[in-house]
Amino acid sequence: MSRKLWIALVVVVLVAGATLTCSPTYVVRAGIEEARILSRREPITEVVADPDTSEPIRRKLEMVVEARTFAHRVLDLDVGDSYTTYSWVDRDTLALVLSAARQDRFEPVTWWFPIVGHIPYKGFFSLAEAREAARELEEEGYDTYIRPTGAFSTLGWFNDPLLSTILRYNDVSLVSTVIHELTHNTLFVPSRVSFNESFASFVGDRGAIAYFCALEGEDGERCREARADWSDNLIFGAFLQELIAELEAVYARTDLPLSERLARREEVFARAKARFVREVQPRLSVPGYRGFPRVPLNNARLIAWRIYYDRLHLFEAVYQRYAPDLPAAVRAIREAAAARPEDPFGAIARLASE
């Protein structure tokens, strides 16, 4: 086994999905799961050429290859050998991701790991293990949130395979996810997870728009769907930012007892859900967010969401400066963030205002 492979098996980073804990047992388990995925890799070209491959899978694999080429040639992303292979996963969900946070402030529980720094989530390959970890944190007084993930990036450590778990996505989501994950290969600022994920969300969604609109024209169904998805993400991101700002005002009232602050946050949650139904939902184009009013809210869930929606309007503002030249906007953001890794959002805000 090569030194690189051994280190990577010990420091498996499932960005946009999960990450490792420092527990030796967990490290071994994660290494085994990653090795299992890698052992099942098959070149996508061979899977496409195989007469036993179903037509729906063949079509989506061909789309992944095209999206990868687009990401490299048009968006200038560092694709490496990622998504040149395909791995079948013998379950519906690749992994489960646990987030936790203080109940009375937006302070996430974080885990520190080599290469990536502090990460506000932790991945599990077993629902029982994830629930047990969540129970232990809840007993310490933390909010928790467990979510599934079907995709990940190892930041170029491996030839990341395309996993069967994401072939269930529709065409627009599939292309957006592929470009999102390839963006992590291109730029990853240590300990700045929110920036990394929001930037990748921007590149993935805007990249899907550019891909489908070039492929089928502005009136194409998937072009319009990609534009609607990005518009909805901007709308929801702004709504989420307002909700968090209102909660932070409640949490700042340290003159109030904890029980009172928690009671007031429940009032904020109730008002936010009503506002969503009244003001936000009518502006949305696709049904992706319509279950929001029925979702139990807490700080851990909101922090986990914010990671992917944090200040999306700044990335969009930079794009509008360069529009319709998305590659130029992506390049400018990369350069600005790389120049100020200690404050990448501040760098993008200045870039947007120039």
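**Close-up views of a predicted model**

**View A. The loop that holds Pro-324.** In this predicted model, Pro-324 sits in the loop that runs between helix H11 (312-322) and helix H12 (326-339). The peptide bond that joins Ala-323 to Pro-324 is cis, with an omega of about 5 degrees.

**View B. Helix H7 and the glycine that comes just after.** Helix H7 takes in residues 193-216, 24 residues in total, and its span from the first C-alpha to the last is 34 Å, close to the 34 Å expected at 1.5 Å a residue. The helix is mostly covered, since 20 of the 24 residues of H7 are buried. Just after H7 comes Gly-217, whose phi is positive, at about 85 degrees.

View C. Ser-191 belongs to the loop between helix H6 (171-186) and H7, and its phi is near 65 degrees, a positive value in a residue other than glycine. Because its relative accessibility is 28%, which falls between the 20% and 50% cut-offs, Ser-191 counts as partly exposed.

View D. Is the residue shown here buried or exposed? Tyr-83 has a relative accessibility of 3%, which is under the 20% cut-off, and therefore counts as buried.

Methods
Residues are numbered from 1 along each chain as its sequence is written. This is a predicted model: local features need pLDDT of at least 70, side-chain atom pairs count only at pLDDT 80 or more; totals for chains, interfaces and linings use all residues. Side-chain values use heavy atoms; hydrogens and water are left out. Helices (H or I, at least four residues) and strands (E, at least two) are DSSP runs, numbered from the N terminus. The expected span of a helix is 1.5 Å times one less than its number of residues. Buried means under 20% relative accessible area, exposed over 50%, partly exposed in between (1.4 Å probe, protein chains only).
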